[in-house]
Each structure stands twice: as C-alpha cells, then as structure tokens.
Amino acid sequence: FALETELRRAIEQDALSLAFQPLIDLATGAVSGFEALARWQVDGRDVPPNEFIPVAEESGLIRPLGRWALDSALRALADWDRQAGAPLPISMAVNISPIQIVSDNVAAAVAAALAAHGIGGERLVLELTESAIIADPDRAAQTLGSLKDLDATIAMDDFGTGFSNLALLQRLPIDILKIDRSFVTDMLVDRDKSAIVRAILSLAQALGMETIAEGIETLELSQLVGALGCTRGQGYYYARALNADEAWAYWRERP
Ligand code: G
Ligand code: G
Ligand code: NA
Ligand code: MN
C-alpha cells in the first residue's frame with residue numbers, strides 16, 4: 001500500500017511526467033506523431049510503468065492518472081504548436097487502460113481535454129490493449145463509438161500478444177494495429193516471428209487498417225518492415241522516449 005499512497009500523492013501534486021517516443025512514417029521517414037508514456041521518479045529513481053500502472057489499476061487511481069495523461073499529452077502538443085506558430089502535422093498517442101474503457105466515461109474525459117487545449121480529435125490516437133475488449137465487448141464497442149464521434153483514431157496496442165479475436169477486430173472501429181515488439185525485434189533471425197509479422201500485416205491490409213511495427217532497433221529492420229508494407233515504425237533505432245524539449249527538438253530536426 002505504500003506505493004499506492006505515494007502514487008496518489010504524486011498524481012495530486014502533478015509529480016508524474018510524460019516521455020514522448022516518436023512514430024515514423026516508413027514511406028517518407030517523417031515523424032508522424034509521438035506516443036506519450038507516463039514516467040514517475042521517487043527519490044531520484046525511476047519507478048517503471050510496468051510497476052505503477054498495475055497499482056493504479058488495482059486501486060482506482062488509473063482514472064485520475066488517465067485523465068492526467070490525456071491532459072498533459074495534449075498540453076504538450078498545444079505547446080509545440082505554439083512554438084511552431086502553427087499546428088504541427090503530427091498526432092499524439094495516449095495509452096488507455098482497460099479499466100478506463102469499462103468503468104470510466106473516457107469519452108467525456110477525452111472531449112474535455114481536447115477542448116481545454118484546442119486540439120482537434122483527428123490529432124489524437126488512443127492506444128488500447130485487447131484485454132479491454134475481451135473484458136466487456138459491448139461496453140468497449142460503445143466507448144470506441146463515442147471516441148470515433150470525437151474523430152479520434154483507435155490503435156490496438158501490443159497486437160498478437162492477447163487473444164487477437166478477429167471477429168471483434170472486424171466489428172470494432174479500430175484504425176491501427178500496433179505489432180508487438182516481441183515479434184518485430186527478432187524477426188530477422190526468427191522465421192516464426194517473421195511469419196507472424198507478415199500475417200498481421202496482410203490481415204491489417206485486408207481489413208484496411210494501418211500498421212505500426214514496435215521495437216525497431218536497426219536500420220535493416222526498419223527497411224524490412226517498410227518493404228513488407230508496414231506504414232509506421234517505432235523503436236530505439238529512431239529514438240527512445242524523450243522529454244518534451246527533446247521531442248520538440250527531434251521533430252524540428254526531422255519534421
Ligand atoms: O515505455 P514503457 O516502459 O514506458 O511502457 C511500459 C508500459 O506502460 C507500456 O505497456 C505502456 O503502454 C504503459 N503505459 C505507459 N504510460 C501509460 C499511461 O499513461 N497509461 C497507461 N494505461 N499505460 C501506460
Ligand atoms: O506496451 P508498450 O508497447 O506501450 O510498451 C512500450 C515499451 O517499449 C516502453 O517501455 C518503451 O520504452 C519500450 N520500447 C520502445 N521501443 C523499444 C525498442 O526498440 N526496443 C525495446 N527493447 N523496447 C522498446
Ligand atoms: Na502503448
Ligand atoms: Mn505497445
């Protein structure tokens with residue numbers, strides 16, 4: 001419970017921060033957007049999201065944390081727009097927990113954050129995992145419909161690691177499949193993983209969805225997934241998750 005108490009205080013005191021990892025358009029090499037990733041330092045030490053996100057989900061703190069992440073990510077985008085003197089042609093991706101899909105009015109929170117920062121919904125990507133949909137498909141369909149009404153883009157995160165329910169995939173308004181990095185990173189040396197990535201890419205193409213390959217760590221890999229028809233890439237080959245100033249500088253050097 002100590003972590004929960006500290007996390008509650010960190011959210012109240014705005015002591016969390018966001019890091020931004022660029023997403024690259026594989027056809028042009030341009031930055032197509034950033035994924036906002038929550039960061040938390042306690043006594044100078046980074047507590048990884050894989051530790052504090054589950055605590056937030058079990059304690060109910062994921063609702064205020066999720067609203068904080070949406071608000072902070074869109075604030076950063078609005079700041080960059082102001083520095084550029086015009087809206088940047090990029091999107092901001094924010095992670096949404098399954099808990100927010102089934103037990104929070106996430107569409108209302110999204111609408112409020114978009115309005116607060118004057119950002120159009122078409123520049124927001126919401127990343128959710130398959131577990132959100134498996135937990136309550138009807139509720140998920142309703143929530144995703146409300147988010148589409150706000151013009152937001154829906155991305156399925158870590159695709160391939162969950163149940164990959166193809167019927168639900170087809171029924172729900174999902175725009176992008178993010179191929180989990182556990183398949184991508186080793187695909188040059190592992191034929192099975194390579195086959196899985198190719199299968200996901202052809203599935204996405206057949207269903208008219210965009211694709212993002214996670215875990216691109218080398219030039220060779222970025223060229224391979226691009227040649228296979230993947231539309232965007234993300235990974236350490238391009239950049240790790242950057243602080244807001246670094247992300248802005250990255251964009252200016254590589255618009
Ligand atoms: O980059 P990394 O270690 O930061 O992220 C680890 C995991 O934590 C990823 O699965 C990522 O989706 C998740 N995560 C990071 N930030 C958030 C957030 O703001 N909300 C939710 N729900 N998950 C997040
Ligand atoms: O679950 P999600 O895909 O959102 O998790 C993102 C996590 O993956 C973050 O912890 C991020 O730091 C990490 N990550 C991003 N790019 C790479 C990469 O190229 N290689 C590896 N090993 N991890 C990455
Ligand atoms: Na994510
Ligand atoms: Mn992911």
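## Helix α3

In this predicted model, helix α3 covers residues 62–84, a run of 23 residues that reaches 32 Å from its first C-alpha to its last, close to the 33 Å expected at 1.5 Å a residue. The buried residues of α3 are Ile62, Arg63, Leu65, Gly66, Ala69, Leu70, Ser72, Ala73, Leu74, Ala76, Leu77 and Trp80, and the helix is followed by glycine 85, whose phi is positive, near 80°.

## Surroundings of ligand 1

Ala69, one of the buried residues of α3, also belongs to the shell around ligand 1, together with Leu37, Ala38, Pro48, Pro49, Asn50, Ile53, Asn95, Ser97 and Ala241. Both β2 (31–42) and α2 (49–59) supply at least two residues of this shell, and α2 gives the most, with three residues. By class, the shell around ligand 1 holds seven nonpolar residues, three polar and no charged.

## Surroundings of ligand 2

Ligand 2 is surrounded by Gln21, Asp157, Asp158, Arg181, Glu214, Gly215, Ile216, Glu217, Gly235, Tyr236 and Ala241, and these residues divide into three nonpolar, three polar and five charged.

## The chain as a whole

The chain has 12 helices and nine strands. Its radius of gyration is 18 Å, close to the 18 Å that the globule rule gives for 255 residues, so the chain is as compact as a globular protein of that length. The C-alpha trace spans about 45 × 45 × 35 Å along its principal axes, and 38% of the 255 residues count as buried. Among contacts between residues at least 6 apart in sequence, 66% join residues at least 24 apart.

How values were computed: Residues are numbered from 1 along each chain as its sequence is written. Chains are lettered from A and ligands numbered from 1 in the order in which they are written. This is a predicted model: local features need pLDDT of at least 70, side-chain atom pairs count only at pLDDT 80 or more; totals for chains, interfaces and linings use all residues. A residue is near a molecule or strand if its C-beta atom, placed from the backbone, lies within 6 Å of it. Helices (H or I, at least four residues) and strands (E, at least two) are DSSP runs, numbered from the N terminus. Ala, Val, Leu, Ile, Met, Phe, Trp, Tyr, Cys and Pro count as nonpolar, Asp, Glu, Lys and Arg as charged, and the others, Gly among them, as polar. The expected span of a helix is 1.5 Å times one less than its number of residues. A residue is buried if 20 or more other C-beta atoms lie within 10 Å of its own, exposed if 12 or fewer, and partly exposed in between; C-beta atoms are placed from the backbone. The radius of gyration is taken over C-alpha atoms; the globule rule is 2.2 Å times the number of residues to the power 0.38. Two residues are in contact if their C-beta atoms, placed from the backbone, lie within 7 Å.
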